[in-house]
Amino acid sequence: MRPALTAVIVLAAGGAASAFLVNRGDTSQAADHATVALPVNTAKVTQQTLKDTETADGELGFGTTSTAVNRTAGTITGLPDSGQELSRGQTVYSLDNKPTTLLYGALPAYRKLADGSEGPDVLQLEQNLSAMGYTGFTVDDEYTDATAEAVEDWQEDRGLDETGLVELGSVLFAPSRIRVDSVQAQEGAPIGPNQTVLTYTGTTKAVTVQLDASDQRLAKSDAKVSVTLPDGATVPGKVQKVSTVIIPADGADKDPETKIEVIVAIDNQKAVVAWSLAAVDVIFTASERKNVLTVPVSALVALREGGFGVEVTDGKSSNYLPVRTGLFAGGQVEISGTGIKAGTVVGIPK
């Protein structure tokens, strides 16, 4: 006779599996087939790609918002419109009728540039001058007389005093073209140093997702994701940027929250052109196992000597085989072991 089995609950990642404590050698092959209780519910071992996925709420927009801060005191004499897009060489805003010009670069402007200055900000400036058609200098990290002459030519074209100096506040470095998100300053109003003039974003649509700190495993740079749009269409995306943000408490009895902010880039911009802002679903793949053998999690049984097994049956008899478990996902579990192959029928304990 088959030994009595004691029911237990085994908690596993991806779901709860009902299992039984059995001896590894338990088998019905020596018992009378007429009296053996074969498994009523069964499933087949399948070979497939197993993905551990999570869906999170996202907001389709233009990605990270940056702030343009005034650097000197004066009067605002020119402002762009919200939603306006600006490119290299164009005026972002004007102070005392002098423009702050958009140039491309990752390093923010932080000092005056003049003959004798050296550093990556000088290189950024010279790269922009060259891109705008100014010549006669070497594009490097040294601000020379030749650089100053090119700056004077640029200033003349802009209708500015030809000083050959790039004053702090006269340029705004941004990675690429920008879109004005909101304008805080007012034309004709005085403004002091370090006051916000406007906020801006990139011009490319992107999705912003805020994950709980416990879901940090999902936030992997360059990881591929799937974005479901409001009309049900799905477009591929890629994690472009991951950062930690603190969400202030919205009440005296609550603590600030730590969130993982993820910016997802959308390659197919035509697919999202219909929405300027939209709520979307983002499907992250935390891990993936290709061409592995899987069974429902509920097929696992706990062996008395430790580890897991499955009850293999041919419809006439059954026996328990030990297995090694891998990824748990979507109610399935990756398994491997002697005698386990695709198509093998296993029992599902009641």
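Modeller: Arg111 sits in the loop between strand 9 (98–104) and helix 1 (120–131); helices (H or I, at least four residues) and strands (E, at least two) are DSSP runs, numbered from the N terminus. This is a predicted model, in which local features need pLDDT of at least 70 and side-chain atom pairs count only at pLDDT 80 or more, while totals for chains, interfaces and linings use all residues. Residues are numbered from 1 along each chain as its sequence is written, and side-chain values use heavy atoms, with hydrogens and water left out.

Arg111 is partly exposed, because its relative accessible area is 26%; buried means under 20%, exposed over 50%, and partly exposed in between (1.4 Å probe, protein chains only). The C-alpha atom of Arg111 is separated by 7.4 Å from that of Glu167, although the two residues are 56 apart along the chain.

Side chains of opposite charge can pair when their charged atoms come close. Arg111 forms a salt bridge with Asp121, with 2.7 Å between the closest N and O atoms. This pair links distant parts of the chain, Arg111 being in the loop between strand 9 and helix 1 and Asp121 in helix 1, ten residues apart. A salt bridge here is a side-chain nitrogen of Lys or Arg within 4 Å of a carboxyl oxygen of Asp or Glu. Asp121 has a relative accessible area of 2% and is therefore buried.

By this rule, the count comes to eight salt bridges. One of them joins Arg217 to Asp52, where the closest N and O atoms are 3.0 Å apart. Here the partners are 165 residues apart, with Arg217 in the loop between strand 14 (206–212) and strand 15, and Asp52 in strand 4 (residues 46–61). Arg217 is partly exposed at 37% relative accessible area, whereas Asp52 is buried at 16%.

Another salt bridge, at 2.7 Å from N to O, is made by the side chains of Arg289 and Glu334. Arg289 belongs to strand 18 (residues 278–296) and Glu334 to strand 22 (residues 332–336), so this pair ties together parts that are 45 residues apart in sequence. Arg289 is partly exposed, with a relative accessible area of 41%, and Glu334 is buried at 11%. Salt bridges that share partners also join Asp52, Glu54 and Arg217 into one network.

Lys224 is exposed, at 71% relative accessibility. Strand 15 runs antiparallel to strand 16 (residues 234–247), and five bridges join the two; two strands pair if DSSP finds at least two bridges between them. Within this pairing, Val225 stands opposite Gly237 in strand 16. The two strands form a hairpin with five residues between them, and Gly232 in the turn has a positive phi of about 90°. Strand 16 also pairs with strand 17 (residues 257–266), in the antiparallel sense and over ten bridges.

Strand 11 (residues 178–183) and strand 13 (residues 196–202) are joined by five bridges and run antiparallel; Ile178 has Gly202 in strand 13 as its bridge partner.
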